[in-house]
Amino acid sequence: MVVKRVNITVDPDTLDEFYRLAAKKGIKFSTWVQVKMEEFIEEERMIEEYRKKKRSE
């Protein structure tokens, strides 16, 4: 898989807290963001499919 580097802006306190909690579980920030993005995409696609289906009825 090819990756693309991006810059994001996050609240420093939130990021520090995330690192503190995620480190206990061996979770990396970029991995977590990737998973959340994939979950979001999947949910949005399901919503789109549902709307298309409702329109065609």
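Mentor: One term before we start: partly exposed lies between buried, under 20% relative accessible area, and exposed, over 50%. Also, this is a predicted model.
Trainee: Okay, so which class does lysine 36 fall into, and with what relative accessible area?
Mentor: Lysine 36 has a relative accessible area of 37%, so it is partly exposed.
Trainee: And which residue does lysine 36 form a salt bridge with?
Mentor: Its partner is glutamate 39, and the closest N and O atoms are 3.3 Å apart. Glutamate 39 is partly exposed as well, at 35% relative accessibility.
Trainee: Where do glutamate 39 and lysine 36 sit?
Mentor: They belong to helix α2 (residues 29-56), and because they are three residues apart, about one helical turn separates them.
Trainee: How many salt bridges does a search of the whole structure find?
Mentor: Two. Glutamate 17 and arginine 20 also form one, with 2.7 Å between the closest N and O atoms. Both of these residues are in helix α1 (residues 12-23), three residues apart.
Trainee: Switching topic, how much space lies in the largest pocket?
Mentor: About 460 Å³.
Trainee: What lines the largest pocket?
Mentor: Its lining includes Met1, Val2, Val3, Phe29, Val33 and Met37. By class, the lining has eight nonpolar, two polar and two charged residues.

Definitions and conventions:
Residues are numbered from 1 along each chain as its sequence is written. This is a predicted model: local features need pLDDT of at least 70, side-chain atom pairs count only at pLDDT 80 or more; totals for chains, interfaces and linings use all residues. Side-chain values use heavy atoms; hydrogens and water are left out. On a 1 Å grid over the protein atoms alone, a cavity is a set of points where a 1.4 Å probe fits but cannot get out, and a pocket is an open set with protein on both sides within 12 Å along at least five of seven lines; lining residues have an atom within 4 Å of a point. Grid points are joined across faces, edges and corners, and a volume is the space filled by probe spheres set on the points. Ala, Val, Leu, Ile, Met, Phe, Trp, Tyr, Cys and Pro count as nonpolar, Asp, Glu, Lys and Arg as charged, and the others, Gly among them, as polar. A salt bridge is a side-chain nitrogen of Lys or Arg within 4 Å of a carboxyl oxygen of Asp or Glu. Helices (H or I, at least four residues) and strands (E, at least two) are DSSP runs, numbered from the N terminus. Buried means under 20% relative accessible area, exposed over 50%, partly exposed in between (1.4 Å probe, protein chains only).
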